[in-house]
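Q: Could we go through this structure together? I am new to it and would like to begin with what the words mean.

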Amino acid sequence: MARYAYAPLSVEEGRRRLPHDAAAEAARAERVSDRMPMFVGVCVLVAIAFVLSRSPQQLAAVPAPGNPNAAPAGVATVPDGTAQVQQQQQQGGNNGGYAAPAAAGGSVAGDGGPVIQAVPNPPAATADGPVIQVVPPSGGASAATSPGAPPGCDCDGRVDPSTVDLAALRQKALDATPPHIIECSAASAGESQSACHLPSPTRFAAVGQKGATIWMTGCSGAGKTTIATALEDRLVKHHGKHVYRLDGDNLRTGINRDLSFSEADRAESVRRTGEIATLFADAGVVTLVGLISPYRGDRDAVRKRHEDQGIPFYEVFLDVPVDELKKRDPKGQY
């Protein structure tokens with residue numbers, strides 16, 4: 001019976017396979033080279049997302065490179081051997097409400113500031129000198145309070161609203177505002193905007209009347225609102241006129257709600273009311289204004305605004321004796 005055996009692979013045949021293996025290895029290297037930039041880019045994006053997702057507190061908690069025992073940024077530390085300082089509520093005085101024990105080596109406290117205590121011989125102190133420990137006062141006071149802020153203001157480094165002069169800021173803005181803002185090409189810079197609107201004669205002819213402002217001034221209780229209400233009722237119901245009344249009662253609940261009774265806020269109240277009155281009167285409405293408006297300069301400014309736009313303005317002063325005002329006193333101001 002014949003026997004069969006595998007012939008050994010010759011060296012030459014083995015060498016013939018090397019070019020195929022080299023080609024496969026070159027193909028793999030080319031694929032890796034092509035994909036490596038994309039892989040690196042993905043890694044960079046993941047690292048950026050990780051950094052951005054961390055809060056500032058977490059970033060501050062990372063120790064400095066090369067010093068794993070370093071304290072995080074913004075975190076107060078106490079040197080080894082520094083004696084503990086116990087805060088005690090002070091019964092009087094003006095050092096911020098706290099005082100350090102006198103037996104601990106002496107302390108210095110500022111008005112509302114931290115307590116600074118020197119420990120002459122701490123257990124682990126060196127020859128460099130005493131250790132100073134700063135104890136911030138409790139009570140929620142912010143260390144970022146703006147300089148010069150009044151006591152009790154936790155403004156976090158921002159401006160305290162109570163120290164801002166709103167009247168001065170408002171006047172500065174008004175002084176910097178041009179009198180006429182260009183709304184259409186028919187009007188030139190600094191000129192009246194009448195060319196951009198329906199002419200007043202055309203409007204008056206359509207509504208059947210001309211607009212005007214009747215400005216009543218006087219002390220509280222003089223009868224401004226009473227007279228204006230009766231006049232409005234008579235002109236509307238019996239004569240069919242377009243009339244509207246403006247006074248402190250319906251203005252201070254809306255457009256003048258943010259104003260007080262200071263001199264500057266009274267001036268702003270008169271200015272706003274005067275601007276509303278000019279718009280109403282320009283629309284053909286007889287506008288009845290009842291404001292105390294005690295300052296002549298404010299009333300003259302409103303009058304000038306009407307005159308500049310050709311709108312009739314009538315000022316009526318209700319001169320009532322003080323004794324009569326005290327008798328009426330509808331708002332309890334006398």
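A: Buried means under 20% relative accessible area, exposed means over 50%, and partly exposed is in between, with a 1.4 Å probe and protein chains only. This is a predicted model, in which local features need pLDDT of at least 70, side-chain atom pairs count only at pLDDT 80 or more, and totals for chains, interfaces and linings use all residues. Residues are numbered from 1 along each chain as its sequence is written, and side-chain values use heavy atoms, with hydrogens and water left out.

Q: Is D265 buried or exposed?

A: D265 counts as buried because its relative accessible area is 11%.

Q: Where is D265, and what does D265 touch?

A: D265 belongs to helix α8; helices (H or I, at least four residues) and strands (E, at least two) are DSSP runs, numbered from the N terminus. Not counting residues up to four places away in sequence, D265 touches R170, L259 and S260, where contact means heavy atoms within 4.5 Å.

Q: Which other residues of α8 are buried?

A: The buried residues of α8 also include E268, V270, R272, I276 and A281.

Q: How far apart are the ends of α8?

A: The end C-alpha atoms of helix α8 (residues 263-282) are 29 Å apart, which agrees with the 28 Å that its 20 residues should span at 1.5 Å a residue. The expected span is 1.5 Å times one less than the number of residues. Just after α8, G284 takes a positive phi of about 95°.

Q: Now to α6. Which of its residues are buried?

A: K224, A228 and E232 are buried in α6. They lie on the same side of α6, because they cover an arc of only 55° around the axis; the arc is that of the directions from the helix axis to the C-beta atoms.

Q: Why would residues spaced like that point the same way?

A: An α-helix has 3.6 residues a turn, so residues three or four places apart point the same way.

Q: What is on the other side of α6, and what do the buried residues pack against?

A: T226, K237 and H238 are exposed on the other side of α6. The buried residues of α6 pack against β6 (212-217), β7 (243-247) and β8 (286-290).

Q: What is E232 in contact with?

A: Leaving aside neighbours within four places in sequence, E232 is in contact with V243, Y244, R245 and L288. E232 is buried because its relative accessible area is 18%.

Q: What about the surface? Which residues form a nonpolar patch?

A: V32, M36, F39, V40, V44, L45, I48 and L52 form a nonpolar patch on the surface, with about 790 Å² of accessible area together. Patches are made of residues with over 30% relative accessible area and no salt bridge; like charges are joined within 9 Å, and nonpolar side chains (Val, Leu, Ile, Met, Phe, Trp, Tyr) within 5 Å. A salt bridge is a side-chain nitrogen of Lys or Arg within 4 Å of a carboxyl oxygen of Asp or Glu. V32 is found in helix α2 (residues 18-52) and is partly exposed, at a relative accessible area of 49%.

Q: And how many helices and strands does the protein chain have?

A: The protein chain has 10 helices and nine strands. Of its 334 residues, 22% count as buried.

Terms used
Accessible areas come from the Shrake-Rupley method with a 1.4 Å probe; for residues, only the protein chains shown count as cover.
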